[in-house]
Amino acid sequence: MAGNIRTVLGVAACKAARWGLRVMKRGGTTLPGRAAMAFDKNILETVSRGMEVIVVTGTNGKTTTCRMLEHAMTASGRDTLANKSGANLLPGVTAEFAANATAGGRPVKKYAVIECDEGALKQVVPLVHPKVIVVTNLFRDQLDRYGEVMHTLEQIRTGIRLVPESILCLNADCSLTSSLAQDVPNQVIYYGIDVPVGEQKNVEISDARYCVNCGTEYQYTFHTYAHLGGFVCPKCGYHRADPSVAVTSIDSMTARDSRVHMKINGISSAVTVGIPAVYNIYNAVAAVCAYTAAGFPPEEMIRSLADVHSSFGRMENFRLGQTNVQMILVKNPAGCNQALAYLKSLGEPYNAVFCLNDRTADGHDISWIWDADFEQVCKDPQLHHIYVWGDRAEDMQLRLKYADAPEDRITCVRTSEELLQKMQESQLPVFVLPNYTSMLELRRVLGGATGKQEFWKG
Ligand SMILES: [Zn+2]
């Protein structure tokens, strides 16, 4: 078959599969992308041709950074495609572009913001030729899928080597991420936080204690969180680069938002990040960096950040009867610790729900919960009751017992319906920390109960 016929058939197959899944009320499958690729293995290159694409990869913050970018681009009148469902492997990305192409395979939109799995980067970027690649950070995550964090780093590096024309936006504060600038011809722009943040603890669970080049233990001039901060290797001299897009002061952090000052290519601006927590300040500065690297005015992004709202369970609010419910996705120790620190910073009484599944998308290995600092909330007098739920609820319960949570304050909930009822009956705000597949399941149940649309239909 000629190339263009294969493209036409691939696009048609993708759209038919998506339509079929929608009719059957099913979401989150790789079928539409696989259908398209069955006709044309590299169809993604055709259906993204000529588009200006920003790709976001890294362990934590991909989805939120993408939402920030998409929000600013759409608000500024740029018709933007995004893989909102979090389908971030090659078939999912392919499906999103193919579904937004004409029958002949020409893209309809001019811009795209794509979240890409670290391991899939080397498959995706040679086909979409990104204008900008953002790497958020590297933490230990889903060990049984990718092995050590160094292996993930090498996978990202392999992907970047395939697209020397792409501009890299790298987190200057992450010694692993910023090492990607070595040995690649790409233009590099660094972003970061120039000042220490909050309490300096949990440094001991660092995922990158030793120099990526020579193995010597890093020294730090300041820490932001986990292994991020002003690292310097006393032996070989590898050190944090001076970021050209940087948070220069953190003026306030509340449960609603954070107010900071950012220096963007030498110009200082006051920025309100409309969602709370330190890691969202990182996502915001990454988004500003990528936005300006793509050639768009930073004022647009700054304006948009003030009213960007949490999306897709990463930090999402529900009103369930009289109860306020906030859901925060956690999937590794560093992200979990940030979410727990956020709960502790609220200073008001609350109930918590910890959800743990161990399915394929969760990476099977749940041992990371033993590295997360649950102790900090289990001893928090503001935390009144804890509910645990999911395939591995008992493991979570055990972990909390070791964190000294009083046994009479932990309830193991069997079904999602029961959990929903417990949350509805709560007199206090409820904070739910699920891992990936438990988040999807809970999102469906909560969506049904509150009338919110299921996310893949949005
Ligand atoms: Zn060194």
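Predicted model: local features only at pLDDT ≥ 70, side-chain atom pairs only at ≥ 80, totals over all residues.
**Exercise 1. Treat asparagine 265 in the manner of Exercise 1.**

Step 1. The loop that holds asparagine 265 runs between strand S10 (258–264) and strand S11 (267–273).
Step 2. Its relative accessibility is 53%, so asparagine 265 counts as exposed.
Step 3. Phi of asparagine 265 is positive, about 50°, although the residue is not a glycine.

**Exercise 2. Find which residues UniProt lists for "binding site" and describe how they are arranged.**

Step 1. The unreviewed UniProt entry lists Cys211, Cys214, Cys233 and Cys236.
Step 2. These residues are spread over 26 residues of sequence but cluster in space, with a largest C-alpha distance of 8.5 Å.
Step 3. Take cysteine 211, in the loop between strand S6 (188–193) and strand S7 (219–223). With a relative accessible area of 5%, cysteine 211 is buried.
Step 4. Not counting residues up to four places away in sequence, cysteine 211 touches Thr216, Tyr218, Cys233, Cys236 and Tyr238.
Step 5. Take cysteine 233, in the loop between strand S8 (229–232) and strand S9 (245–253). Its relative accessible area is 2%, so cysteine 233 is buried.
Step 6. With the residues up to four places away again left out, cysteine 233 touches Cys211, Cys214, Thr216, Tyr218 and Tyr238.

**Exercise 3. Describe how helix H5 packs with helix H6.**

Step 1. Two packed helices are described by the angle and the distance between their axes.
Step 2. The axes of H5 (residues 90–99) and H6 (residues 121–128) come within 9 Å and cross at roughly 25°.
Step 3. Angles under 35 degrees count as roughly parallel, and H5 is therefore roughly parallel to H6.
Step 4. H5 contributes Leu90, Val93 and Phe97 to the contact, and H6 contributes Gln123, Val124, Leu127 and Val128.
Step 5. Sorted by class, the contact has six nonpolar residues, one polar residue and no charged residues.

**Exercise 4. Compare the span of helix H10 with the expected value, and state how enclosed the helix is.**

Step 1. H10 (residues 278–293) has 16 residues.
Step 2. From its first C-alpha to its last, H10 reaches 23 Å, close to the 22 Å expected at 1.5 Å a residue.
Step 3. Of the 16 residues of H10, 16 are buried, so the helix is largely enclosed by the rest of the structure.
Step 4. Glycine 295 follows H10 and has a positive phi, near 95°.

**Exercise 5. Locate serine 304 and Asp365, and classify each by accessibility.**

Step 1. Serine 304 belongs to helix H11 (residues 298–306). Its relative accessible area is 6%, so serine 304 is buried.
Step 2. Leaving aside neighbours within four places in sequence, serine 304 is in contact with Met68, His71 and Ala72.
Step 3. The feature "active site" is placed at Asp365 by UniProt, in an unreviewed entry.
Step 4. Aspartate 365 lies in the loop between strand S14 (350–355) and helix H13 (375–378).
Step 5. With a relative accessible area of 29%, aspartate 365 is partly exposed.

Methods
Residues numbered from 1 in each chain as written. Heavy atoms only, no water. UniProt positions renumbered as here; feature names shortened; annotations may be inferred. Helix = DSSP H or I, 4+ residues; strand = E, 2+ residues; numbered from the N terminus. Buried < 20%, exposed > 50% of the residue type's maximum accessible area, 1.4 Å probe, protein only. Contact = heavy atoms within 4.5 Å. Axes fitted to C-alpha atoms, helices over the stretch in contact; angles between N-to-C directions. Parallel < 35°, antiparallel > 145°, perpendicular 65-115°, else oblique. Nonpolar A, V, L, I, M, F, W, Y, C, P; charged D, E, K, R; others polar. Expected span 1.5 Å × (residues − 1).
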